[in-house]
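Please look over the sequence and the model first.

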Amino acid sequence: MSVPAAAPEVVVDGRVTVIALGPKYKIIDEHALDGGLGESLIEIAVEAEPPLVVLDLSQTQFFGSSFIEVLFRVWNRLQGRSGRFAICGLTPHCYDVLKITHLDTLWPLMPTRHEAVAAISKDGP
């Protein structure tokens, strides 16, 4: 696996693995994904135990379709393990992208990390 220039911060909050993308990921484009971000996120999802993951995008202002594909792959890996996935801290633009693509019907989109952790901790695996 290639290591991204700035690895995401990973913390465990209760039973939930929280991945926070820092200011280096203000814009998530193909360059960021080619730098290993996508592989890192998928690997974290595969290794999360229990398979409960929150992705904090509060520092991200833009992402494209390639990142949406990565999000889907992360979610798919978690689903295969009866896990759950939520996203928090979305800027209005990023929120609109996920809403327009109807991905808000697959993943809880929460304003804060605390709310996202609480939402996927309920009745968890």
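## About the model

This is a predicted model, in which local features need pLDDT of at least 70 and side-chain atom pairs count only at pLDDT 80 or more, while totals for chains, interfaces and linings use all residues. Residues are numbered from 1 along each chain as its sequence is written, and side-chain values use heavy atoms, with hydrogens and water left out.

## Strand β4

Helices (H or I, at least four residues) and strands (E, at least two) are DSSP runs, numbered from the N terminus. In β4, 5 of 5 residues are buried, where buried means under 20% relative accessible area, exposed over 50% and partly exposed in between (1.4 Å probe, protein chains only). Leu52, Val54 and Asp56 lie on one side of the strand, and Val53 and Leu55 on the other.

Two strands pair if DSSP finds at least two bridges between them. β4 pairs with β2 in the parallel sense over 4 bridges, and Val54 is the partner of Val18 there. β4 also runs parallel to β6 (residues 84-88), joined by 5 bridges. In β6, Ala86 is the bridge partner of Val54.

## Helix α2

Helix α2 spans residues 37-47, and its buried residues include Leu37, Leu41, Ile42 and Ile44. The buried residues of α2 pack against several elements, among them β1 (9-13), α1 (30-34), β4 (52-56) and α3 (65-79).

## Val18

Val18 is found in strand β2. Val18 counts as buried because its relative accessibility is 1%. Leaving aside neighbours within four places in sequence, Val18 is in contact (heavy atoms within 4.5 Å) with Glu9, Val10, Val11, Asp13, Val54, Arg113 and Val117. Between Val18 and Trp75 there are 57 residues of sequence separation and 14 Å in space, C-alpha to C-alpha.

## Nonpolar cores

In soluble globular proteins, nonpolar side chains tend to be buried together. A nonpolar core is a set of buried Ala, Val, Leu, Ile, Met, Phe, Trp, Tyr and Cys residues joined through side-chain atoms within 4.5 Å. The largest one has 33 residues, and those with the most contacts inside it include Leu55, Phe63 and Phe85. α1, α2, β4, α3, β6 and α4 (92-100) each supply at least two residues of this core, and the largest share, 7 residues, comes from α3.

A second, separate core has 9 residues, including Leu52, Ala86, Cys88 and Val117.
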